[in-house]
Structures are given as C-alpha cells and as structure tokens.
Amino acid sequence: MEAVNLLSSNRYTEKQIGYLFISVLVNSNSELIRLINNAIKNDLASRNPTFMGLALHCIANVGSREMAEAFAGEIPKILVAGDTMDSVKQSAALCLLRLYRTSPDLVPMGDWTSRVVHLLNDQHLGVVTAATSLITTLAQKNPEEFKTSVSLAVSRLSRIVTSASTDLQDYTYYFVPAPWLSVKLLRLLQCYPPPEDPAVRGRLTECLETILNKAQEPPKSKKVQHSNAKNAVLFEAISLIIHHDSEPNLLVRACNQLGQFLQHRETNLRYLALESMCTLASSEFSHEAVKTHIETVINALKTERDVSVRQRAVDLLYAMCDRSNAQQIVAEMLNYLETADYSIREEIVLKVAILAEKYAVDYTWYVDTILNLIRIAGDYVSEEVWYRVIQIVINRDDVQGYAAKTVFEALQAPACHENLVKVGGYILGEFGNLIAGDPRSSPLIQFNLLHSKFHLCSVPTRALLLSTYIKFVNLFPEIKTTIQDVLRSDSQLKNADVELQQRAVEYLRLSTIASTDILATVLEEMPPFPERESSILAKLKKKKGPGTVTDLEEIKRERSSDMNGSAEPACATDGSTPSPSADLLGLSAAPVTNPAPPSSTNGSLLVDVFSDTAPAVAPLAPGSDDNFARFVCKNNGVLFENQLLQIGLKSEFRQNLGRMFIFYGNKTSTQFLNFTPTVICSDDLQPSLNLQTKPVDPTVDGGAQVQQVVNIECVSDFMEAPVLNIQFRYGGTFQNLSVKLPITLNKFFQPTEMSSQDFFQRWKQLSNPKQEVQNIFKAKHPMDAEITKAKIIGFGSALLEEVDPNPANFVGAGIIHTKTTQIGCLLRLEPNLQAQMYRLTLRTSKEAVSQRLCELLSEQF
Amino acid sequence: MIKFFLMVNKQGQTRLSRYYEHVEINKRAILEAEVIKNCLSRSKDECSFIEYKDFKLVYRQYAALFIVVGIDQTENEMAVYELIHNFVEVLDKYFSRVVSETLNLL
C-alpha cells in the first residue's frame with residue numbers, strides 16, 4: 001500500500017522507488033492492481049516526460065494482461081502525438097511492442113499504422129530504432145499493412161550508410177555510423193520480398209553494394225570494436241541478400257566475402273561465415289560458388305579447436321552436398337563421426353544416411369556407407385536408418401547379392417554392433433541363398449555365424465534372429481534338423497520372454513508339420529515396399545526443429561528434380577509421414593489402416609494439397625448409431641473412436657440451453673493439419689435448434705487433445721439430430737468422417753415432481769389420441785429395475801414413486817423447455833418380466849414430441 | 001529477442017541478472033549455473049557464440065567478469081556482441097571507473 005502512495009507523490013525520487021517496488025513485486029492482488037493502474041493512468045496523462053517515462057517503463061516491465069487491457073488503447077496515442085518528447089516516444093514504442101508480444105489481440109493497430117510507419121522518418125535516431133523494432137514485430141504478423149515501411153526503411157538506411165563520419169555525432173560507434181540501427185533496418189527489410197518499385201530497389205542495391213565495398217576498404221581504426229561493428233552490419237546485409245535471392249552479382253560478391261572470412265584469424269568471424277554460407281548454399285545462383293570452398297571447409301572440420309565451429313562446418317558440408325562431391329563429403333563426415341562429440345552423433349548419422357541415399361549412384365556404395373555407419377557409431381544409428389537400408393535392399397534386386405556378401409563379411413568381425421546383427425540377420429534371412437553357393441558362406445556357416453551372436457543380443461534382436469532361422473529352414477532344407485534342434489532346446493521353448501517363447505514354439509511346429517510348398521509360400525521373399533518418403537527426414541526435422549538446415553532439404557528437393565531415377569517422389573507437403581509401419585520382421589500386422597490409400601504419385605498428392613474445397617460430407621461413420629443411442633440417457637462419454645481419432649463428449653443442459661464440450665484426441669504420433677470440425681444442421685433442423693461453435697486450432701499435435709465448445713439453444717421441438725463432420729489431414733491423406741451429435745429433445749427435459757393425484761389428473765387431460773403414443777417392444781437389455789430407473793432419470797424425467805398402483809411400473813414426468821414453448825410430458829413404462837417385453841406410453845401436449853420421445857426411449861431398454 | 005542478460009564472475013556468483021521472459025525462480029539458478037559452466041570451459045581461441053538448448057549465448061569476458069546474453073534466432077550475434085561492449089563502456093563513463101568490486105555494489 002505504501003508503494004501505491006509513493007506512486008502518486010510528485011517527487012521524482014519517491015515515485016521512482018514506488019515504481020521499482022511495483023515492477024518487482026506485482027501480483028494478482030486485484031485491489032492494488034486497480035489502484036496501481038489508476039496511478040499509472042494519471043502519470044501517463046500528465047505532461048511531464050519523466051513521469052510518463054517511469055509509467056511506461058513500469059508497464060513494459062510488467063506487461064501483464066490486465067495492464068494491457070487498461071493501457072493498450074492509450075499508448076499508441078502517446079506514440080504518435082506531435083508533442084511528446086523523443087525519449088517518451090521511444091519508451092512508448094517499446095512498451096507497445098512488449099504489450100503486443102504478450103497480448104497481441106488487445107493492441108489495436110488499425111488506425112495507427114500509417115503514423116507509426118511515419119516514425120521511421122523522425123529526426124531522432126533513438127525514436128527510429130524503437131519504431132523499427134516495433135514495426136518489425138508487427139510486420140511479421142500483418143505484412144500487408146506495413147508495406148509502406150519498406151521504402152522509408154531503404155531511404156533511411158542509405159542515408160546512414162553513406163553519411164560522412166561527421167554527421168550522426170551521437171550515433172557513431174568507433175567510426176561506424178549507427179550500427180545497431182542499420183542492423184535493425186536490414187532485419188525489417190528481411191520481412192519483405194525484394195521491393196517492386198525499381199527506384200527503391202535500385203537504392204537498396206546501391207546501399208548493399210556500399211556496405212560490401214566498405215568491408216573491403218582498409219579499416220579506419222585498429223580497434224576490434226570497429227571491425228566488429230562493421231562486420232555486424234555486413235553479415236546482416238548478407239542475410240538480406242540471401243533472403244532476397246534475386247541479384248546474382250550481389251550473391252556472388254557476398255559469397256566471396258564469406259569465403260575470405262572463412263580463413264580469418266578471428267574465430268567469431270569464421271563461425272558466422274560458416275553459418276551464413278549454409279543459408280547461401282541453398283540459393284541456386286551461388287551454389288556453385290559455395291562449392292569452390294569445399295576444401296577450406298573440410299580443412300576447418302579437421303583442424304578447428306572449437307566444437308561449435310566444427311558443427312557449423314558439418315552443417316555446411318551437408319548443405320553444399322550434391323552429386324559431384326557427395327562421395328567425398330560423406331567420406332569426410334564419416335571420418336569426423338569417429339571423433340565427434342557424443343551429443344551431435346545422432347544428427348550426423350541421420351545426415352550421412354540421408355546424403356548417402358540421395359546421391360547414391362551405385363547402391364553398393366550406399367550399402368557400404370550404411371554398414372560403415374553402423375560399425376562406427378552403432379549406438380546412435382536409430383531405427384529409421386536401418387529400416388531404410390533394408391527397404392532399399394529389398395526394393396533393388398541388383399544390390400541384394402552384394403548386400404548379403406558384405407553383411408556376411410561384416411558379421412565375421414569379432415565384435416559387432418547389435419544393429420549390424422539385426423541388419424545382417426534380416427538380409428541373410430531373405431537373401432542368404434544368393435551367397436550359399438560359395439563354400440565360405442555355406443548355409444551351415446551362415447547359421448553358425450548368426451547363432452554365435454544370438455546369446456549376446458537383446459530380446460528384439462533375438463526375435464528377429466528366430467525369424468531368420470525359420471526362413472533358413474525354407475531356404476536351406478539341408479540344415480533343417482540343426483535349426484530344429486536349436487528351436488527345440490529348452491532355452492527357447494521355455495524362454496522367460498513370451499515373444500521368444502511363442503516364436504520358438506510356433507516356428508518349430510511350422511517346420512515340422514508344414515510341407516515344403518506351404519513353407520515356401522509362407523516364408524516367401526518379402527515383396528518390395530511401396531515407395532514412401534524417408535522417415536529419416538522426418539526424424540531429422542524433429543531433432544533440429546523448424547527453420548534450420550532441414551528446411552534447406554525441402555527447398556533442395558523442390559528445386560532439384562528426381563536425381564536418382566527411381567527414388568521416392570518428391571512430396572510437396574511437409575515431411576510428415578505415416579509412422580514406421582509394417583513390421584519388417586516378417587509375417588505380421590498390417591500397416592495402420594487409412595480410409596484413403598496412401599498416395600504414391602505426385603499427381604494425386606498435389607491435387608490434395610491444392611484443392612481446398614471440402615469434399616462432400618462423408619457418410620456417417622459405422623457404429624455412430626450405437627453411440628448415439630448410448631448418449632440419449634447420459635451426457636458424458638466417448639462418442640466415437642477409430643485408429644486415428646477419439647471424440648469424447650461432455651455436456652450440460654439447463655432448461656432450453658445447453659453446452660457441449662467436444663474433445664478430440666489425436667491417437668497417433670503425427671500431427672493432424674487443417675483440422676476442421678463443423679456441426680451441420682439439416683434444413684429441417686435449422687430453425688428448431690440453434691448451435692454455435694467456437695473455432696478450433698487447425699493443428700492437433702500427436703497425442704494431444706483439443707476441445708471445442710458448442711452452445712446449444714432449443715428454439716422449438718425437433719426430431720433429427722445434427723451431424724458433426726470432421727475433416728483433417730493426416731500424413732499425406734485427407735480424412736473425412738461424420739458422426740451424429742447426440743443432441744436430442746430429451747436433453748431439454750426438466751424433471752417435475754408431482755403427487756399421484758396431479759399425475760392422474762394430467763394424464764386424463766392428455767387423453768386426446770393424438771397426444772398419446774404407445775409402443776410395445778422386446779427388451780434389448782436385461783430388465784433390471786435399478787438400471788431402468790437410472791435410465792429414466794438420465795433421460796431427464798423425474799421418477800415418480802408410488803404413483804402407479806402396480807409397483808413394478810415406472811412413471812415419470814417432466815417438462816421440455818424450448819425457447820418458444822414448454823411442453824409437459826408424462827410417461828409410463830410397464831415391464832413384463834415373463835415375456836421380456838415392455839409397454840411404453842407417452843403423453844404430451846404435442847403429437848410429434850410424443851412420437852420422438854417414444855422413439856428415443858424405446859431404444860434404451 | 002534478448003532472453004536474458006547476466007553478469008557472472010569467475011567463481012560462478014551472479015552479479016546481475018535480468019530476464020526478459022518469464023523464468024521461474026528456481027530454474028534461474030540452474031540456468032545460470034549451466035550457462036557459466038559452458039562459458040568457463042571455453043578457451044581464448046574459441047568463438048564467443050555458444051549454442052545452448054534452443055537459443056544462443058553470446059558472451060564476453062572482462063577480467064574476472066563474464067557478461068552473457070541469451071538471444072534467439074531473430075538477433076544478429078555480432079550486433080549483440082558489440083552491444084555488450086557498449087553497455088560496459090556506458091557503465092564505465094557513468095560510474096567513472098568500472099571494476100568488479102564496483103559491480104558488486106550494483
């Protein structure tokens with residue numbers, strides 16, 4: 001409280017202490033917040049620049065949502081008013097930026113846009129700097145509105161860059177004019193494509209050339225700060241040139257400049273040069289120029305002491321790799337892998353695998369590389385890598401023999417990594433017959449080799465080896481008995497692990513009873529896998545996160561056409577793939593079923609991507625009727641579930657209003673994109689039922705759940721149910737399904753207690769034949785009185801005890817609330833236990849209502 | 001965007017810390033300890049930019065004091081590097097002579 005008092009004092013020192021206290025210790029104590037906000041408001045309104053400054057700093061440092069709500073309207077006014085002092089303008093701009101970052105929706109930018117952009121022309125460079133930061137963030141969200149800032153920024157920048165050293169007294173840092181402002185302006189320009197207006201574009205090009213020229217001139221000062229500041233501006237300019245990607249001579253110059261830096265004495269510069277070159281490598285104009293530096297980069301990789309610099313060098317090698325230098329680069333990367341830091345090994349393994357696959361002219365080289373990879377860094381070779389090599393070997397007949405031979409030789413090494421055993425086991429199981437002719441690799445030797453490693457391996461590997469053994473039984477009948485003995489041994493048949501035991505038992509049986517034909521069919525060679533996008537890429541992306549080297553991969557694939565002949569088609573969508581699917585270990589489960597077949601041609605995938613028009617609403621998913629019936633008497637539960645998606649419901653109703661929470665759970669590990677659920681009311685339904693839905697985030701992460709709120713209002717009685725249609729994109733396929741939403745008339749049923757006398761009175765009143773509906777039906781569920789009572793209550797009606805002379809009968813009463821009318825309903829349910837049948841009588845004042853309710857209720861029993 | 005600004009001495013004690021993004025109090029100590037560990041293990045000829053988790057650290061050493069700034073990808077590293085120096089120069093001008101002990105009093 002004292003602090004708040006201090007805030008309102010008029011002396012600067014006291015005020016300052018008050019603000020300091022507030023900005024450190026503010027919490028959501030609402031009383032104080034209101035007082036604080038009031039005090040701040042007063043300070044903002046006062047014309048005193050120091051007070052205004054203090055107030056703005058406090059708002060910026062705290063930046064809470066309540067403050068944003070209170071002040072977001074005021075601050076732009078201060079910012080653009082003519083009479084505010086420069087220092088206050090600066091603070092106001094940064095304060096607005098801060099509020100925008102925390103609560104973007106509360107900051108109304110519409111009217112102030114042009115004035116804010118105009119601030120770029122201000123005399124005071126401090127104001128320009130602050131405004132530039134503000135505009136950069138705003139422009140990232142609404143680039144269209146801030147387009148006018150581009151030309152202003154360019155002119156400002158050229159004025160700064162070409163200024164003589166005597167102008168800009170305050171802002172010259174070690175003989176570099178306004179370095180931070182230049183950097184900020186260049187960043188702002190990176191939010192936009194190259195300017196269309198030729199005059200502006202010409203100026204910008206001139207500007208960039210000046211900056212590049214200055215880098216070549218001898219330095220004006222010996223101090224390291226001078227060159228650092230100059231280089232800061234230079235690197236930012238190079239980023240801009242790369243971003244625009246339109247002027248070849250600028251790009252080449254930039255590339256040469258970076259090449260010079262690659263061998264500079266200062267480590268910082270080498271680091272930054274490698275980083276910039278990485279982004280440069282993806283541009284088509286300079287790709288060639290970048291490649292000329294390959295020797296320097298490889299040298300850097302070998303000799304650099306700093307691990308970050310080596311890491312950048314690896315990234316650059318990855319980016320500049322293409323057909324001509326692929327083998328060299330992969331060899332270098334493998335060398336590096338042997339001595340690399342453990343934390344980055346996995347990434348390098350993935351990169352090598354991708355490069356090897358992409359640029360393999362000759363698949364024998366690819367197989368060699370992967371086997372080397374496993375040998376050097378076996379622990380870090382993730383599953384996707386060896387799945388991939390097996391996929392490729394199976395798909396290509398020519399390399400199968402070579403693969404079998406190489407794997408056989410590799411297995412003979414005394415110490416081999418488990419992954420190698422996995423790959424070896426699989427390949428020999430499939431293609432061992434190709435090398436069986438050679439006496440050194442006869443079937444028995446192959447079997448013994450694998451079996452010698454058997455006990456050293458973990459359970460999944462052993463499982464794989466058991467499958468390989470049964471395949472050997474098929475391929476090499478001469479060693480059948482040996483294998484059977486192994487399978488028969490106690491350590492297999494009575495193995496502690498269930499999977500191994502099952503396999504051993506089943507395989508043993510299979511080998512003994514099946515005739516050779518059946519065995520041959522069962523254990524036929526694996527058919528080629530359908531061409532699929534490499535899951536390795538997806539894994540690499542996940543590791544690195546967005547916006548990095550893997551994006552280059554996307555760009556490179558889009559630009560370069562199919563380099564490998566029959567390699568997988570370049571997909572235009574982002575790399576999300578169906579999860580590594582079919583059990584490669586042979587005889588088992590089908591891949592994840594998708595209603596639409598996985599597309600494997602460019603054409604159909606492109607059609608999916610570009611046709612945004614929603615296809616016709618899918619027919620109702622099977623089983624939705626059952627679920628619908630379940631929801632008549634209850635409000636919470638799972639509405640629908642398939643392998644991809646689970647839909648849960650929670651609803652509450654009161655009188656004629658209701659609210660339903662729909663939970664969509666993503667059961668897979670891949671994101672759903674363009675996730676759009678819509679509630680559709682047929683034309684008949686439309687006037688009777690009012691539904692309002694809030695929009696849902698269109699991206700649902702794997703394993704995540706999103707919630708949608710539906711507000712329901714019953715205008716009049718209705719018979720049909722609305723339909724929930726869900727469309728989303730999973731992997732590369734488009735999913736479309738519909739379920740009935742269980743919003744039924746009985747949800748608006750309000751129970752009414754009444755005495756037996758009242759009940760019979762009303763019953764007689766509703767004696768018009770139209771108002772009564774009776775249904776006699778067979779009981780579908782066991783006739784338990786408690787359950788029946790619960791269902792009637794769940795249905796919404798009040799259960800009236802001791803009204804009916806027959807105690808076994810159930811009687812209920814309630815009122816249906818709609819916006820327009822209220823309809824009283826009475827029901828009586830008579831069970832006949834011997835015949836397992838019920839007679840249900842409903843009387844309401846409206847025929848249609850009786851009909852509908854009777855229908856709904858009859859399903860329940 | 002600058003995530004945080006730290007001044008830590010060689011013994012690992014934080015002299016100044018300013019966070020521009022909400023970080024819980026107990027996490028701050030851990031963060032500072034890890035950051036200073038990364039910086040102390042660097043030698044003279046290694047570059048001043050370290051990649052740490054999902055952002056970068058730019059550090060500069062002044063006698064026994066390390067100034068470390070955490071930034072994300074939207075910032076130019078060199079510019080921030082010079083910013084650190086500018087900051088130190090301003091302190092120098094304002095407080096006449098900047099020494100570690102003076103900073104202790106901050």
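Lys291(A) counts as buried because its relative accessibility is 15%, where buried means under 20% relative accessible area, exposed over 50% and partly exposed in between (1.4 Å probe, protein chains only). The side chain of Lys291(A) meets that of Glu288(A) in a salt bridge, at 3.8 Å from N to O. For a salt bridge, a side-chain nitrogen of Lys or Arg must be within 4 Å of a carboxyl oxygen of Asp or Glu. Glu288(A) and Lys291(A) are three residues apart in helix α16 (residues 287–291) of chain A, so about one helical turn separates them. Helices (H or I, at least four residues) and strands (E, at least two) are DSSP runs, numbered from the N terminus.

Before going further, a word on the model. It is a predicted one, in which local features need pLDDT of at least 70 and side-chain atom pairs count only at pLDDT 80 or more, while totals for chains, interfaces and linings use all residues. Residues are numbered from 1 along each chain as its sequence is written, chains are lettered from A and ligands numbered from 1 in the order in which they are written, and side-chain values use heavy atoms, with hydrogens and water left out.

Let us stay with charged pairs for a moment. Arg11(A) and Glu14(A) form a salt bridge whose closest N and O atoms are 3.8 Å apart. Here Arg11(A) counts as exposed, at 54% relative accessibility, and Glu14(A) is partly exposed at 30%. Now look at Glu304(A) and Arg270(A), whose side chains meet in a salt bridge at 2.6 Å, N to O. Glu304(A) sits in the loop between α17 (294–303) and α18 (307–320) of chain A and Arg270(A) in helix α15 (residues 267–280), so this pair ties together parts that are 34 residues apart in sequence. Both Glu304(A) and Arg270(A) are buried. Over all chains, the count comes to 30 salt bridges.

Stepping back, chain A has 37 helices and 16 strands. Of its 861 residues, 52% count as buried. Contact means heavy atoms within 4.5 Å; among contacts in chain A with a separation of 6 or more, 68% come from residues 24 or more positions apart. One loop to visit is that between α11 (179–189) and α12 (198–216) of chain A, where Gln190(A) lies. Gln190(A) is buried, with a relative accessible area of 19%. Leaving aside residues up to four places away in sequence, Gln190(A) touches Glu236(A), Ser239(A), Leu240(A) and His243(A).

Finally, follow chain A to its partner. The contact takes 26 residues from chain A and 25 residues from chain B. Together the two chains bury about 2,200 Å², 45% of it on carbon and sulfur atoms; buried area is the accessible area (1.4 Å probe) that two parts lose on being put together, summed over both. Asn76(B), Met78(B) and Glu82(B) supply 26% of the area that chain B buries against chain A, more than any other three residues.

Three salt bridges are counted between chain B and chain A. One of the salt bridges joins the side chains of Glu51(B) and Arg312(A), at 2.2 Å from N to O. On the side of chain B that touches chain A, the elements giving two or more residues are β3 (49–52), β4 (55–62) and α2 (77–94) of chain B. The largest share, nine residues, comes from α2(B).
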